[in-house]
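This briefing describes the structure displayed below. It is intended to be read alongside the sequence and the three-dimensional view.

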Amino acid sequence: MPTLFLSFADGDCVRIEAKPSETVLAAARRAGIPLSSDCEVGDCQTCRATCLGGDLGYEDGTSVSLSQDEIDAGEMLPCVASACTDVRIKLPYERGKLIPAKPFAMKLESIERLSASVVRVVARTLGLSPIPFLPGQYVNLQVPGTTYWRSYSMANSPGDDRTFEFLVRLLDDGEMSRYLTERAAAGDVVQCRGPQGVFYLRSGERPVLMVAGETGVAPMMSMLRQITAPGEGREVTLCFGVNSADDLFFVEELNALARAIPQLDVRIAVAHGPSPTGISQGLVTDLIGGRSLSGHDVYLCGPPAMADSARRMAIGLGAAPDNIIAERFVAAVAAA
Ligand code: FES
């Protein structure tokens, strides 16, 4: 039986045996080691990890949402990969941080259009049990009246474990977009599952760079609201980009935060067309600047091309790859 050596970001290492053809996730679960996962069919990348040595295989016909370049670089998906030999795997999160996902329901409190392309949804859990989460995590929401599920990061901080704030990007053919623009109303009940994901705020004193595209700013807002709380002194730079001026939102909120918090530097850009006063014209990655990122924690959230470009730039500016935490928007997962 192949042996799996799992190492977590907090230095914790475990060794487990995998049965032939058993996925890494299944082997870990059988051994009582919870790993981050969501779709468990190779789509969402919530389980994404790095293979440091050994051979992995994917069953024929398995959906693997990694590119060949990423697989060649050692990236892997424990939910669908199985070990062909002894394998060493690095998980990009602390073992003790995982909060078990569970089903719950929320009632919508408000639905507010923030820009041409973004809606803010505030909801409150039904029942009295709090739903704790880490700043940066997401939950899956079922589009009411359908079998479609969509993933949204919380934009609020976890202070009140019963209130959730989400930013939804409106898409022409999006199931959630159609629901929100055509029939959603305060009081609607939405089924949920979470919290999910390992894009969460790491503790420490290192300065932070955040790069967010469009609604990728939601988890950053949740982190910002924690990182800038009294007693926190970390220097934070937030680079936030949208497609055009019509897509801008949160400008006032972010500028107010920057005025109130001396260690926060907010930079905003629009990629196309004219930009309003105080907003740069160009790509969000243009906002990163040329300073050294050595010793920084870097958080990236948005479309894959943006996240990949920002990662290359951050590494070029001296950021350690292990200190770059990325959440790439991948295609929506439909679940029954
Ligand atoms: S849980 Fe592995 S790709 Fe979704």
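This is a predicted model: local features need pLDDT of at least 70, side-chain atom pairs count only at pLDDT 80 or more; totals for chains, interfaces and linings use all residues.

Helix 5 (residues 251-260) lies across strand 15 and strand 16, and runs at about 155° to strand 16. The protein chain holds six helices and 19 strands, and is divided into domain 1 (3-96), domain 2 (100-196) and domain 3 (208-328).

**The parallel sheet and its helices**

- Strand 15 (residues 236-242) and strand 16 (residues 264-270) are paired in the parallel sense through seven bridges.
- Within this pairing, Thr237 has Asp265 in strand 16 as its bridge partner.
- Helix 4 also packs on the sheet, where it touches strand 14 (208-213), strand 15, strand 18 (297-302) and strand 19. The direction of helix 4 makes about 160° with that of strand 15.
- The sheet is open and consists of six strands in the order 17-16-15-14-18-19, with parallel pairing.
- Strand 17 (280-281) and strand 19 (324-328) are the edges of this sheet; each has a single partner strand, so one side of each is left without a neighbour in the sheet.

- In general, nonpolar side chains tend to be buried together in soluble globular proteins.
- Why is helix 4 described as largely enclosed by the rest of the structure? The reason is that nine of its 11 residues are buried.
- The buried residues of helix 4 are Val217, Ala218, Pro219, Met220, Met221, Ser222, Met223, Leu224 and Ile227.
- When neighbours within four places in sequence are left aside, Met220 is in contact with Met210, Ala212, Leu238, Tyr299 and Cys301.

- A second open sheet is formed by five strands in the order 2-1-7-3-5, and its pairing is mixed.
- Its edge strands are strand 2 (13-17) and strand 5 (75-76), each of which pairs on one side only.
- Strand 1 (residues 3-7) and strand 7 (residues 87-90) run parallel and are joined by four bridges.
- Phe5 has Arg88 as its bridge partner in strand 7.

**Antiparallel pairings**

- Strand 8 (residues 102-113) and strand 9 (residues 118-125) run antiparallel, with seven bridges joining them.
- These two strands form a hairpin, and four residues lie between them.
- Strand 8, in turn, pairs with strand 13 (residues 189-196) in the antiparallel sense over six bridges. In this pairing Ala105 stands opposite Gln191.

**A residue in a loop**

- Thr146 lies in the loop between strand 10 (138-142) and strand 11 (149-153).
- Is Thr146 buried or exposed? Thr146 is exposed, because 12 other C-beta atoms lie within 10 Å, and a residue counts as exposed if that number is 12 or fewer.
- Thr146 and Gly302 are 156 residues apart along the chain, and 26 Å separate their C-alpha atoms.

**The chain as a whole**

- The C-alpha trace spans about 60 × 50 × 40 Å along its principal axes.
- The centres of domain 1 and domain 3, taken over C-alpha atoms, are separated by 30 Å.
- Of the 336 residues in the protein chain, 40% are buried.
- Among contacts between residues at least 6 apart in sequence, 68% join residues at least 24 apart.

Definitions and conventions: Residues are numbered from 1 along each chain as its sequence is written. Two strands pair if DSSP finds at least two bridges between them. A residue is buried if 20 or more other C-beta atoms lie within 10 Å of its own, exposed if 12 or fewer, and partly exposed in between; C-beta atoms are placed from the backbone. Two residues are in contact if their C-beta atoms, placed from the backbone, lie within 7 Å. Domain bounds come from an automatic or database domain assignment. Axes are lines fitted to C-alpha atoms, for helices over the stretch in contact, and angles run from 0 to 180 degrees between N-to-C directions.
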